[in-house]
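Trainee: Could you take me through the aromatic side chains of this model in a close look? I would like to see how they are placed and paired.

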Amino acid sequence: MKSRYSLNLGKPFGIRISVHWTFSLLILWIVFITVRQGLGTGQVLMHILFVLVLFFCVVLHEFGHSLTAIKLGGKVKSITLLPIGGMAHISEMPENPKDEFLVSAAGPLVNVVIAGILWFYIAFFHGTAPEQMEFDTITLTNFPIILLAANLFIVAFNLIPAFPMDGGRLFRSALSMKMNKLKATRIAKDIGQVFAVIFIFAGLFLNPFLIIIGFFIFLGARGEYEMMVYRDILNNYTVNDIILTDYEKIDENETLEEAAGRLSHISSRGYVTTSNGEYAGILTKNAIIKGLNVFGKKGLIKDVMNENIEPVKPEMTLFDVYKKMQMNKYEMVPVKEDGHFKGVLDKENINEFFMIRQAMQ
Ligand SMILES: [Zn+2]
């Protein structure tokens, strides 16, 4: 989720928080629904306020995951808010089952704590007992109790034992303490997909939103399992095993026309760009095509190439590199050792390597 489609809200604890543009659709939808119900401006604003406070709870939930991950040695890049909830981009996740369990549990636990605080407030300070409240619309009086219920709903929903929910991870990490991670993930995937099918069927009769969630769970379960199959194989190899030392080079001051012209004659999926003969960046075929659209044939390579790709080390496992490339949508990464450029790694090469190893098993 790059910042082009998101609004940045700040960077507490070094974690960038952003709101995806689709979030505005959620607000519009709330306005549409409430106005159609004939509610006044004050009421409409109260609903919007509720959603904002609820999403603040979601941010705290993601911070629960993120800060626990950091505490256990992981790295967190950002938290993105989508209309369906929050997403923490944990770039380096603690690998052992116990740590994964703690990181997964910390999110829902935050909502349990919030619900507990709200309960305490309602029980001792609020003045109006829940049985005296009306619930046909959100008011300042029933606000805390509806927020409490919503937090409990977040807990219950997240504890469904299916990826990509926290429950899926909790379940998998609990299983991994007894068996290998691939097998644990396969069991978690199968159970998650059973849930997905139940959601989709229930959605046909109850609420179409459940169908969407069902598909979301189904794909999430499959994606997580595929990731583990990759891990199982690629964890046994390092960058050194498939580093490309025979790559295409092009000077950063050349034109896109030159880069595009040579493309048809080479098998490489991109170039290593150089400045005075030294490594300068990566130029993929996609970048050339985009560059031609923006700058035309006379555009310069240095305006289009990506010089900010974080290099990988030769001894890094292929799975770590693969994850990094997936997360950042890199097609090629430079390999450097002690600051010296050694070669490149191409995502297609990793995929091919994976498929060959898998076929050989
Ligand atoms: Zn969570």
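Predicted model: local features only at pLDDT ≥ 70, side-chain atom pairs only at ≥ 80, totals over all residues.

Mentor: What follows concerns the aromatic residues, beginning with the basis of the model. Residues are numbered from 1 along each chain as its sequence is written, and side-chain values use heavy atoms, with hydrogens and water left out. The protein averages a pLDDT of 86, and 97% of the residues score at least 70.

A search of the whole structure finds 11 aromatic pairs (rings of Phe, Tyr and Trp, the last by its six-membered ring, with centres within 6.5 Å; planes under 30 degrees apart count as stacked, over 60 as edge-to-face and the rest as tilted). The rings of Y247 and F341 form an edge-to-face pair, because their centres are 5.6 Å apart and their planes stand at 80 degrees. Y247 lies in the loop between α8 (239–242) and β5 (248–251) and F341 in strand β9 (residues 340–346), so this pair ties together parts that are 94 residues apart in sequence (helices, H or I, of at least four residues and strands, E, of at least two are DSSP runs, numbered from the N terminus). Elsewhere, ring pairs link W119, F120 and F124 into a cluster. As for contacts with charge, the charged end of K189 sits over the ring of Y225, 4.7 Å from its centre (NZ of Lys or CZ of Arg within 6 Å of the ring centre and within 35 degrees of the ring normal).

Key. pLDDT = per-residue confidence, 0-100.
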